[in-house]
Amino acid sequence: RGDAAPEPRFALVIGIDDYGPDIGRLKNPVNDARLLARTLERVGFKVTLRENVTRRQFRDAAAAFGGSLKAGGPSAVGLFYFAGHGLQVNGRNWLVPKGAVVNSEADVEDETVRADYVLDQMDLARNQLNIVILDACRNNPFQRGRGGAGGLAAVAQAPTGTLIAYATAPGRVARDGNPGENGLYTKHVLEALREPGLAIEDVFKMTRARVAE
């Protein structure tokens, strides 16, 4: 963009794979988060990387991220990435932190993090563009929760200026434990991010096509 200074870029990257003996361990999320964090740093993002966080730590990181975005001013770009377990209950998406114990639908709100909580923090910053990548469409780890449907729900109304990308279609489930250190979806996101000159919409169009292949 000539001599113009690049817009401030902030990213919060969270990967959770250590879910304890009741749920089990996932193979790819922390590896995915680490590699994405390094890639984003190379393209000018100030990255906060968090691994295997509790609910309190997750929410604190999201709030701090929103504060950084707001301090960056209206031209700032924000990116939130989550890899780990996610579930939907009554049409809302919940991201599962380390240490969550859900014995019934009633426990979900107190034990997990509402995806909208992170969106709200980003929306309050009033910046120009936010990108949300949810690689959290694995199986519902709490089969006893009666209200939990498969995969994640589509966000009915995202905040203005927010692009939301899912690892698979709403209501569908993505696999963990793909060959190699990285999950299928994030592997192709990373490849697309390295392509020079792509608009953000094209990054996710390319990712979708390669995942489908």
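What share of the contacts in the chain with a separation of 6 or more comes from residues 24 or more positions apart? Such residues account for 68% of those contacts, where contact means heavy atoms within 4.5 Å.

This is a predicted model, in which local features need pLDDT of at least 70 and side-chain atom pairs count only at pLDDT 80 or more, while totals for chains, interfaces and linings use all residues. Residues are numbered from 1 along each chain as its sequence is written, and side-chain values use heavy atoms, with hydrogens and water left out.

**Overall composition**

The chain has seven helices and nine strands; helices (H or I, at least four residues) and strands (E, at least two) are DSSP runs numbered from the N terminus. Of the 213 residues, 47% are buried. Buried means under 20% relative accessible area, exposed over 50%, and partly exposed in between (1.4 Å probe, protein chains only). The chain exposes about 10500 Å², of which carbon and sulfur atoms supply 47%; accessible areas come from the Shrake-Rupley method with a 1.4 Å probe, and for residues only the protein chains shown count as cover.

**Sheet and helices**

Five strands form an open sheet with parallel pairing, in the order β2-β1-β3-β7-β9. Strands β2 and β9 are at the edges, each pairing on one side only. From one strand to the next the twist averages 10 degrees. Two strands pair if DSSP finds at least two bridges between them; β1 and β2 have six, in the parallel sense. Gly-15 has Glu-51 in β2 as its bridge partner. Helix α6 (residues 184-193) packs on this sheet and touches β3, β7 and β9, its direction making about 145 degrees with that of β7. Axes are lines fitted to C-alpha atoms, for helices over the stretch in contact, and angles run from 0 to 180 degrees between N-to-C directions.

Helix α2 (residues 29-42) packs against α6 at an angle of about 10 degrees, and the two axes are 10 Å apart. On the α2 side, Asp-32, Leu-35, Leu-36, Thr-39 and Leu-40 meet Thr-186, Leu-190 and Leu-193 of α6.

**Cores**

A nonpolar core is a set of buried Ala, Val, Leu, Ile, Met, Phe, Trp, Tyr and Cys residues joined through side-chain atoms within 4.5 Å. The largest has 34 residues, and Ile-14, Phe-58, Phe-80, Phe-82 and Leu-95 have the most contacts inside it. Elements that each supply at least two residues of this core include β1 (9-15), α3 (55-72), β3 (77-83) and α5 (115-124). Apart from it lies another core, of 21 residues, including Val-13, Leu-35, Ala-165 and Leu-190.

Leaving aside residues up to four places away in sequence, Phe-58 touches Ile-14, Ile-16, Val-53, Phe-80, Phe-82, Leu-95, Pro-97, Val-113 and Val-118. Val-118 is also among the buried residues of α5, with Ala-115, Tyr-117, Leu-119, Gln-121 and Met-122. Their cover includes α3, β3, β5, β6 (113-114), β7 and β9 (162-166).

| Residue | Phi | Loop | Relative accessibility |
|---|---|---|---|
| Asn-52 | about 50 degrees | between β2 and α3 | 19% |
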